[in-house]
Amino acid sequence: MSARLSPALLPKLGSEIGRPRYGRGALAEGIVHLGLGAFHRAHQAAYLEDIAARGDWRWGIVGVSLRSPTVRDTLAPQDGLYTLVERDAEGERVRIMAPLRRMLVAPEDPAAVVAAMAQASVRIVTLTVTEKGYCLARDRGGLDTADLDVSADMASLGRPRTAIGFLVAALDARREAGLPPFTAVSCDNLPENGTLVREAVLTLAAMHDAGLAEWIAEHGAFPCSMVDRIVPATTPEAIAAHAAKYGYRDEALVETERFSQWVLQDRFAGERPDFAAVGVTLADEVAPWEETKLRLLNGAHSTIAYLGGLGGIAHVHEFVASPERCALIDRLWDESAATLDPAAGIDVAGYREALLARFANPALRHRTMQIAMDGSQKLPQRLVAPWRARLERGLASPTIELAIAAWMAWQRGADMQDRPFVVDDPLAETTAMAWAIASDADNAAARLLALPEVFGDLAQRWPDAGERVAAWLRQILEAGSLDDLLPAALGAEPVR
Ligand code: CS2
């Protein structure tokens with residue numbers, strides 16, 4: 001049994017392992033981060049580690065878990081230290097990360113979280129709370145006031161429950177204390193993520209205090225950001241393999257690819273680190289980057305997750321190991337890419353090529369099941385938006401429609417071999433009900449397409465679209481394997 005990672009172990013680690021190049025005690029608490037999952041630790045935290053290594057020690061992180069104590073409980077015995085492994089077919093880089101100064105679990109002590117966010121030293125609050133963590137009513141816009149946690153935060157912010165509730169309570173505390181607001185940066189895969197957070201914060205603030213809402217509107221900042229790094233959930237096998245290879249055990253290990261990208265709108269309420277110096281792209285407009293990433297990378301990811309998952313393919317790199325399946329993804333990209341603004345000047349062909357190589361990275365072992373999670377929250381910006389854009393222009397979208405049908409088939413909770421699985425999605429009960437009462441596949445497709453949270457009014461506006469999706473759904477349900485389906489999927493008239 002090898003020793004567990006801890007500050008005392010640092011000097012004993014092998015020389016191939018990078019370690020912090022600054023005195024950890026010197027790091028001030030400059031950022032509070034909500035959502036302490038693997039993505040944050042592989043992405044923003046890595047940029048801030050580099051900032052500290054450059055000698056700017058103002059940006060230590062207070063990491064907050066909004067729900068479960070698990071991450072805190074694994075990091076605390078390691079004093080917040082964890083290993084980041086960046087790996088692709090060519091090699092790997094292993095380093096110990098130390099930007100986390102403190103870890104908090106919101107439900108245990110919400111006041112401590114608000115107090116941390118209200119410190120004068122904190123200038124930025126970042127968020128990775130996943131799409132559903134913003135509690136937005138995606139079909140109607142704004143906060144989902146039917147959500148129980150949102151209702152609780154609407155009634156009182158004494159013990160906030162939602163990310164938006166914490167932002168408002170802490171901004172209120174800062175205003176009371178005569179401090180400037182922090183800049184809130186959403187780092188989740190939502191289009192115009194900063195705008196969405198700003199609107200939600202202003203709505204909740206106005207319910208409590210119109211003056212607070214005005215103050216936030218005037219002085220606050222909510223830049224949009226596009227974040228990109230593939231970070232699979234860490235498995236017990238990966239922790240064991242790391243211990244065997246490097247001679248120490250890290251329960252908070254994070255493994256990722258070498259690629260990392262962060263495009264950030266340069267709109268801050270106060271001081272910020274020199275992000276550009278560590279590879280962040282500061283831009284006036286992030287929307288074209290967001291749209292390209294959501295529709296190409298994430299759109300393909302969701303397609304691979306549902307089609308692959310239904311076909312018994314466990315990992316993304318296994319899906320793209322077949323030229324036919326890659327050809328299918330290429331068709332999807334032809335359809336989605338045509339909806340992107342060419343004036344944005346992004347090299348879409350190069351981007352697509354790089355994506356395929358990233359998907360093929362055998363070291364990642366990114367599970368289709370992980371990506372399939374929360375599809376009802378992901379589909380709108382990944383697949384429905386380009387589909388709608390094409391429908392509006394009268395363009396056919398056979399591959400996007402196949403992907404939508406695959407999401408529908410997924411909601412049955414059984415794959416092409418009829419092996420059952422659990423549908424992990426906030427809308428799972430509703431979609432299961434749709435299948436339970438549907439008379440047949442066509443009827444199920446119609447019921448699912450009528451869900452406004454996912455599809456808006458698409459079914460009413462384009463009734464034919466429903467028939468085409470239903471036809472794919474029937475084919476998926478009849479197919480015994482993905483290979484059965486591919487000829488039809490690739491045989492559809494190619495579109496540009
Ligand atoms: C994935 C993303 O799980 C998912 O839905 O599509 O987490 C994806 O890996 C990241 O957005 C990559 O930047």
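This report describes the overall build and the salt bridges of a predicted model.

## Overall build

The protein chain contains 22 helices and 14 strands. Its radius of gyration is 23 Å, which agrees with the value near 23 Å that a compact globule of 496 residues would have. Along the principal axes, the C-alpha atoms occupy a box of roughly 60 × 55 × 45 Å.

Of the 496 residues, 56% are buried. Among contacts between residues at least 6 apart in sequence, 78% join residues at least 24 apart.

## Surface and charge

The accessible surface amounts to about 19,400 Å², and carbon and sulfur atoms account for 52% of this area. The chain carries 50 positive and 66 negative charges, whose mean positions lie 5 Å apart.

## Salt bridges

Side chains of opposite charge can pair when their charged atoms come close. The whole structure holds 33 salt bridges. One of them joins Arg 67 and Asp 149 at 3.7 Å, N to O. Arg 67 sits in the loop between strand 4 and helix 3, whereas Asp 149 belongs to helix 5, 82 residues apart. Arg 67 is exposed at 57% relative accessibility, while Asp 149 is buried at 18%.

Arg 474 and Asp 442 also form a salt bridge, with their closest N and O atoms 2.7 Å apart. Arg 474 lies in helix 21 and Asp 442 in helix 18, so the pair ties together parts 32 residues apart in sequence. Arg 474 is partly exposed, at 36%, and Asp 442 is likewise partly exposed, at 34%.

A network of salt bridges links Asp 50, Glu 86, Arg 93, Arg 95 and Arg 229.

Key. Residues are numbered from 1 along each chain as its sequence is written. This is a predicted model: local features need pLDDT of at least 70, side-chain atom pairs count only at pLDDT 80 or more; totals for chains, interfaces and linings use all residues. Side-chain values use heavy atoms; hydrogens and water are left out. Helices (H or I, at least four residues) and strands (E, at least two) are DSSP runs, numbered from the N terminus. The radius of gyration is taken over C-alpha atoms; the globule rule is 2.2 Å times the number of residues to the power 0.38. Buried means under 20% relative accessible area, exposed over 50%, partly exposed in between (1.4 Å probe, protein chains only). Contact means heavy atoms within 4.5 Å. Accessible areas come from the Shrake-Rupley method with a 1.4 Å probe; for residues, only the protein chains shown count as cover. Lys and Arg count as positive and Asp and Glu as negative; His and the chain ends are not counted. The place of a charge is taken as NZ of Lys, CZ of Arg, CG of Asp or CD of Glu. A salt bridge is a side-chain nitrogen of Lys or Arg within 4 Å of a carboxyl oxygen of Asp or Glu.
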